[in-house]
Amino acid sequence: MSEKREPGFDRALALVLSIGAYAGFFVMAGGVVAHLLVDGIIAARLELAGVLILLATPVVRVFAAMILFFRERDRRYGWISAGVLLILLLGSVFGVGER
Amino acid sequence: MTTLLLVVLGVFAGMVGALSGTGGGIILAPMLALYFGLPIQQAIGTSLIAVITTSAASSSVHLQRHTADIRLGMTLELATALGAAVTAYLVGYINRTALEILFATFLLYGAFTILRKGGKTEDAQDEIIPAPSGDEAAFPPYEPKRYPLGMAASLVAGGLSGLLGIGGGPIKVPVMYLFMGVPLIVATATSNLMMGVTAAASAFVYYRRGDILPSVAAPLVVGVFVGSLTGARLAPRVHHKWVALLLVTIMLYLSVHMFAHIVGKFL
């Protein structure tokens, strides 16, 4: 089962991850530059946006994998991905641990 | 000024991480706590963002080379994400000093583990067999075994990740490699892939609690990104043993400093 490698599948997820990492990096770099030059609301917004992009990246990766598994009719791994997604959403959407 | 220092810290941690194969997260949180005055909870939460960055950037490369096992990773992520979310939640109720003691102890333990292995951290480079065609690395076919054991170890790795803001590679890699029958290169790549989801599971909890500081995370991520890219490029030319020795020295120093800091609070 695990030897099965779908090049398209891996590439799609690699794309999600590199878009997330690079977007997070560039937005944060913008934030750092803004911080050094003007240090105001723009810097804070960019820095926060970067954090949110990076937080979302693994979630989008799991979501994309879930869609791809279900489309390949690999239900077992589709549901496993859905389970991981649910755990990720515990903290983000349902606010577990919030004070 | 602090912003620039944070970029430098990120570059350094990213480089050491990429060169030693440990992710570098282990030195970030204590440094943020000891030298940048962050409460340990915020230091851990903020360093998780750096862990997500490293994982995303490196596993996109592993996925393109088809060395990361997405099915195995996803299955074990059920356990790592759960463990990470639970401990991240608990951190909100743990006494700050108790968390510092835990961290200092783990640094000490980690340093001695690397020393005992003769300066060897997880290193998959030795096993890569250059494939005749393209950049695809070759490895023998395998079928992961002993899933229950893998899941249990992943739960612990995830728990540590949520507790200390680290990736947990030093636990997952040996378990996949030694007990589940997964080739080392696949185990390393898959562990790297899992780190992002694991760190995110706990990072969301830290974020909702206000324990992630964007103004600290941003310069750190910029540095870590540049540092790990540089480190990966330097890796073939740098002697692995010296990097491990450097990492051990830093970990021991940070551990001692943190213990001193804790003792200082009671004097």
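**Figure 1. Confidence across the two chains.** pLDDT is the predictor's confidence in each residue, on a scale from 0 to 100. What you have here is a predicted model, in which local features need a pLDDT of at least 70 and side-chain atom pairs count only at 80 or more, while totals for chains, interfaces and linings use all residues. Residues are numbered from 1 along each chain as its sequence is written, with chains lettered from A and ligands numbered from 1 in the order in which they are written. For the complex, the predictor gives an ipTM of 0.89 and a pTM of 0.88. Chain A has an average pLDDT of 87, with 85% of the residues scoring at least 70. Within chain A, confidence is highest in helix H2 (residues 41-71), at a mean of 94, and lowest in helix H3 (residues 75-92), at 90. (Helices are DSSP runs of H or I, at least four residues, numbered from the N terminus.) Chain B has a mean pLDDT of 85, and 91% of its residues reach 70 or more. In chain B, H4(B) comes out highest at a mean of 93, and H7(B) lowest at 85. Then there's the stretch over residues 123-135 of chain B, where the pLDDT is below 50. Beyond near neighbours in sequence, that stretch still has 16 contacts in the model.

**Figure 2. Where chain A meets chain B.** Here 49 residues of chain A are in contact with 49 residues of chain B (contact means C-beta atoms, placed from the backbone, within 7 Å). H1(A) brings the largest share, with 18 residues. Sort the chain A residues that touch chain B by class and you get 28 nonpolar, 14 polar and 7 charged. (Nonpolar means Ala, Val, Leu, Ile, Met, Phe, Trp, Tyr, Cys and Pro; charged means Asp, Glu, Lys and Arg; the others, Gly among them, are polar.)

**Figure 3. H4 beside H8 in chain B.** Helix H4 (residues 70-91) and helix H8 (residues 184-208) of chain B pack at an angle of about 30 degrees, their axes 8 Å apart. (Axes are lines fitted to C-alpha atoms over the stretch in contact, and angles between N-to-C directions run from 0 to 180 degrees.) From H4(B), the residues at this contact include B:Leu72, B:Leu76, B:Glu77, B:Thr80, B:Ala84 and B:Tyr89. Among those they meet in H8(B) are B:Thr190, B:Met194, B:Val197, B:Ala201 and B:Tyr206. By class, the H4(B) contact with H8(B) has 13 nonpolar, 6 polar and 1 charged residues.

**Figure 4. H1 and H10 of chain B.** Helix H1 (residues 2-20) of chain B packs with helix H10 (residues 240-266) of chain B at about 130 degrees, and the axes lie 9 Å apart. On the H1(B) side you'll find B:Val16, B:Leu19 and B:Ser20, which meet B:Val243, B:Ala244, B:Leu246 and B:Leu247 of H10(B). The contact of H1(B) with H10(B) has 6 nonpolar residues, 1 polar and no charged ones.

**Figure 5. Zooming in on B:Val248.** B:Val248 sits in helix H10 of chain B. Leaving out residues up to four places away in sequence, B:Val248 touches B:Ala111, B:Ile114 and B:Leu115. B:Leu107 is 141 residues from B:Val248 in sequence, yet the C-alpha to C-alpha distance is 9.0 Å.

**Figure 6. Helix H2 of chain B, tucked in.** In helix H2 (residues 25-35) of chain B, 9 of the 11 residues are buried, so the helix is largely enclosed by the rest of the structure. B:Ile26, B:Ile27, B:Leu28, B:Pro30 and B:Met31 are among the buried ones. The packing partners of H2(B)'s buried residues are H1, helix H3 (40-64), helix H5 (96-116), helix H6 (147-164), helix H9 (214-234) and H10 of chain B. After H2(B) comes B:Gly37, with a positive phi near 65 degrees.

Figure 7. Buried residues of H7(B) include B:Pro170, B:Ile171, B:Lys172, B:Val175 and B:Tyr177. The buried residues of H7(B) pack against H6 and H8 of chain B. Just past H7(B), look for B:Gly181, which has a positive phi of about 70 degrees.

How values were computed. Helices (H or I, at least four residues) and strands (E, at least two) are DSSP runs, numbered from the N terminus. Two residues are in contact if their C-beta atoms, placed from the backbone, lie within 7 Å. A residue is buried if 20 or more other C-beta atoms lie within 10 Å of its own, exposed if 12 or fewer, and partly exposed in between; C-beta atoms are placed from the backbone.
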